[in-house]
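Keep the 3D view open as you read.

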Amino acid sequence: MKLKQRVVLLAILLVIFIFTKVFLIDNLDTSAANREDQRAFHRMMTGLRVELAPKLDHTLQSPWEIAAQWVVPREVYPEETPELGAIMHAMATKKIIKADVGYKGTQLKALLILEGGQKVVFKPKRYSRDYVVEGEPYAGYDRHNAEVAAFHLDRILGFRRAPLVVGRFVNLRTEIKPVATEQLLSTFLTVGNNTCFYGKCYYCRETEPACADGDTMEGSVTLWLPDVWPLQKHRHPWGRTYREGKLARWEYDESYCDAVKKTSPYDSGPRLLDIIDTAVFDYLIGNADRHHYESFQDDEGASMLILLDNAKSFGNPSLEERSILAPLYQCCIIRVSTWNRLNYLKNGVLRSALKSAMAHDPISPVLSEPHLDAVDQRLLSVLATVKQCTDQFGMDTVLVEDRMPLSHL
């Protein structure tokens with residue numbers, strides 16, 4: 001081989017070597033992040049089934065103290081929660097020492113105080129599992145089982161932004177009425193042989209009470225967040241107007257996301273990516289009613305978007321409300337970690353994970369089979385939406401690396 005040919009060959013090999021090295025370094029960083037996502041996914045799957053256990057063997061703290069200490073600016077509970085079963089058992093069984101009307105809102109709920117002073121929100125059963133709510137996706141009553149399912153979906157997606165929820169049966173005659181405030185007690189009535197109440201709320205009516213089966217009422221209880229973490233309410237940038245014939249700006253302005261990115265707190269920090277995560281979460285559960293959202297107070301956009309009030313979901317399994325995904329397909333960005341988790345959950349894994357996670361809940365089965373099937377089907381739509389974005393703008397633009405430490409900010 002001539003010297004000139006050797007020089008050319010060596011130059012080609014050197015170029016290949018340099019490009020290979022650069023590619024491997026870049027790919028190594030990405031692969032390391034992806035491997036951590038995969039490990040986190042396997043850890044979640046390993047601890048998915050939560051058996052409600054009565055004792056905390058390794059600590060003298062109460063379940064309420066443990067749950068309160070879990071809360072930090074970017075998560076409500078940690079990735080690994082060996083105490084979760086004991087806390088949920090306490091939520092489902094501890095003696096009710098006071099019952100009052102729920103906090104201000106549109107839907108019927110009761111505020112309970114459990115032994116040890118812990119507040120929980122009780123949402124009563126209004127529908128059977130297989131009942132289909134017709135009409136708009138935000139129509140009908142709150143669905144208590146939807147709160148349970150949404151909490152476990154939050155665990156499965158790795159968000160950890162939803163307060164703890166568990167199913168519970170309460171005896172209205174022996175557990176609630178003896179400790180009820182006058183305001184709540186005044187809303188009790190009997191329909192046939194069933195004890196009922198209608199509470200106090202915007203849509204609460206004496207003609208539309210929630211009724212027990214005899215005296216026993218099925219419902220969900222949501223753990224109240226610690227008072228040391230006061231909440232701040234925000235208008236959702238992709239919220240609806242709820243006015244006949246009036247559209248919100250995002251419904252007609254194709255450049256709306258660009259405008260959102262220029263306003264606080266969406267111009268910096270994690271909030272816009274939280275909005276995208278929440279759009280995915282809400283689409284999977286069929287919740288089109290998140291017109292407001294909460295974060296921790298005075299957070300300057302750094303705290304998480306807290307996934308509160310998820311009961312307007314799992315209404316109609318055949319309904320796919322694409323508008324819920326508007327933040328995703330208008331902004332065309334999503335966290336790499338969220339994208340990885342969604343991909344791990346395809347091919348029926350999400351459905352199986354949800355079913356497994358809820359198997360030990362007191363009101364199991366929490367969801368009907370059509371609803372479980374619908375979650376899997378909606379996941380495919382989310383993946384397809386991201387694929388359209390990456391085809392148009394490229395992976396590097398759409399997939400945003402956001403691995404902020406979750407303990408403290």
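**Charged pairs and packed helices**

Search the whole structure and you find 24 salt bridges. Keep in mind as you explore that this is a predicted model. The idea behind these pairs is simple: side chains of opposite charge can pair when their charged atoms come close.

Glu36 and Arg43 join their side chains in a salt bridge, with N and O 3.0 Å apart.

Which residues does Arg161 pair with? One is Asp274, where the salt bridge has an N to O distance of 3.8 Å. Asp274 sits in helix α8 (residues 271–285), while Arg161 sits in the loop between α4 (144–157) and β4 (165–171), so their pairing ties together parts that lie 113 residues apart in sequence. Asp274 is buried too, with a relative accessibility of 0%.

Arg161 also forms a salt bridge with Asp277, and here the closest N and O atoms are 3.0 Å apart. Once again distant parts of the chain are linked, since Asp277 is in helix α8 and Arg161 is in the loop between α4 and β4, 116 residues apart. Both Arg161 and Asp277 are buried.

Next, find helix α3 (residues 84–93). Why call this helix largely enclosed by the rest of the structure? Because eight of its ten residues are buried. Those buried residues are Leu84, Gly85, Ala86, Ile87, Met88, Ala90, Met91 and Ala92. And what covers them? The cover includes α2 (63–70), β2 (110–114), α4, β4 and β8 (216–223).

Let's zoom in on one part of that cover, α2. When two helices pack, we describe them by the angle between their axes and the distance between the axes. For α2 and α3, the axes come within 9 Å and cross at roughly 120°. That angle makes α2 oblique to α3, and the crossing is left-handed. On the α2 side, the contact involves Pro63, Trp64, Ile66, Ala67 and Trp70, which meet Leu84, Ala86, Ile87, Ala90 and Met91 of α3. Sort the residues of this contact by class and you get ten nonpolar, no polar and no charged.

Finally, look at another helix pair: α10 (residues 336–344) and α12 (residues 369–393). Their axes are 10 Å apart, and the helices pack at an angle of about 135°. These two helices are therefore oblique to each other, and α10 passes α12 in a left-handed crossing. Which residues make the contact? From α10 come Trp339, Leu342 and Asn343, and from α12 come Leu379, Val382, Leu383 and Val386. By class, this contact of α10 with α12 has six nonpolar residues, one polar and no charged.

Conventions
Residues numbered from 1 in each chain as written. Predicted model: local features only at pLDDT ≥ 70, side-chain atom pairs only at ≥ 80, totals over all residues. Heavy atoms only, no water. Salt bridge = Lys/Arg side-chain N within 4 Å of Asp/Glu carboxyl O. Helix = DSSP H or I, 4+ residues; strand = E, 2+ residues; numbered from the N terminus. Buried < 20%, exposed > 50% of the residue type's maximum accessible area, 1.4 Å probe, protein only. Contact = heavy atoms within 4.5 Å. Axes fitted to C-alpha atoms, helices over the stretch in contact; angles between N-to-C directions. Parallel < 35°, antiparallel > 145°, perpendicular 65-115°, else oblique. Left-handed = near helix turned anticlockwise from the far one by under 90°. Nonpolar A, V, L, I, M, F, W, Y, C, P; charged D, E, K, R; others polar.
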